[in-house]
Amino acid sequence: MVSTTNKLTSPRESGHPLIYLPRKSTREVRRGNVIYDPERPSNGIHLVIRGRVKVCRRAGERSSIVMEIYSANEFFGESSLVEPNSPTEIAVALENTSLMSWTAEEIEKQVERQPEMGLAFIQMLARRLLDYEARIESLNREKCRERIIRGLLRFAHRLGEPSDAGAVRIPPLSQQTISEYVGTSREIVTLHMNQLRQQGAMRYSRKGIEVYPDALNRCLQQQAAREAGG
């Protein structure tokens, strides 16, 4: 379904590539629907106007890795600019979502007209690369509990909104999605999230997740102290 509504909120950071792109009609994607996958590859990049999108890569026949979850004013699908027919990447709407899209050819022509847009994309991708490096380091060095806590803190920072008593409310995320993000099983995520809830560091239900960043950071500090003393 295509909408002719082109109203956008202001980008949250200066130098956002959207500043240089022409507005286009939006496309509505229902919750759970695939935006692109190896059978229906992306032919450009996409901007989330409203909603949330999960981008993952297949890691074998039955497993996948969540690369990132994108929300309003964030681009995804940039791999199509260098790898038009990715054999592993999948994008799925986590809720009813509005998208604006540009083909790779449109992006290339716009960069030729406005080289500043190319720099804006490079800066955006460099920030993402730094985030991926931090996640890889966490995967290599930290245990499941620490990775889960860091994942929750990252979701709170990227997707959350302030709630009561210092809490941050994160929109609903399945424990399967969290497990694919931090690189462990759903059962392990369930175990540690139950422990964190008992410790008062978080609450969760089908309506969403509430985390207490200060309490989660204390959990990380306590774990680091135990390892240093052990």
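1. Is A165 buried or exposed? A165 is exposed, at a relative accessible area of 74%. Here buried means under 20% relative accessible area, exposed over 50%, and partly exposed in between (1.4 Å probe, protein chains only). The residue sits in the loop between β10 (161-162) and β11 (168-170). A165 is not a glycine, yet its phi is positive, about 55°.

2. A word on the basis. This is a predicted model, in which local features need pLDDT of at least 70, side-chain atom pairs count only at pLDDT 80 or more, and totals for chains, interfaces and linings use all residues. Residues are numbered from 1 along each chain as its sequence is written, and side-chain values use heavy atoms, with hydrogens and water left out.

3. N73 also deserves a look. Its phi is positive, about 70°, although N73 is not a glycine. N73 lies in the loop between β6 (64-70) and β7 (75-76). With a relative accessibility of 7%, N73 counts as buried.

4. Now the whole chain. It has six helices and 13 strands. These are DSSP runs numbered from the N terminus: helices are H or I of at least four residues, strands E of at least two. The radius of gyration is 19 Å, close to the 17 Å that the globule rule gives for 230 residues, so the chain is as compact as a globular protein of that length. That radius is taken over C-alpha atoms, and the rule is 2.2 Å times the number of residues to the power 0.38. Along its principal axes, the C-alpha trace spans about 60 × 35 × 30 Å.

5. Of the 230 residues, 44% count as buried. Among contacts (heavy atoms within 4.5 Å) with a separation of 6 or more, 70% join residues 24 or more positions apart.

6. Surface. The chain exposes about 12,900 Å². Carbon and sulfur atoms supply 51% of that area. The areas come from the Shrake-Rupley method with a 1.4 Å probe.

7. One sheet to trace. Strands of a sheet pair through backbone hydrogen bonds, either parallel or antiparallel. An open sheet of four strands runs in the order β10-β11-β13-β12, with antiparallel pairing. Its edge strands, β10 and β12 (202-205), each pair on one side only. Pairing requires at least two DSSP bridges between two strands. Four bridges join β12 to β13 (residues 208-211), and the two run antiparallel. Y204 stands opposite I209 in β13.
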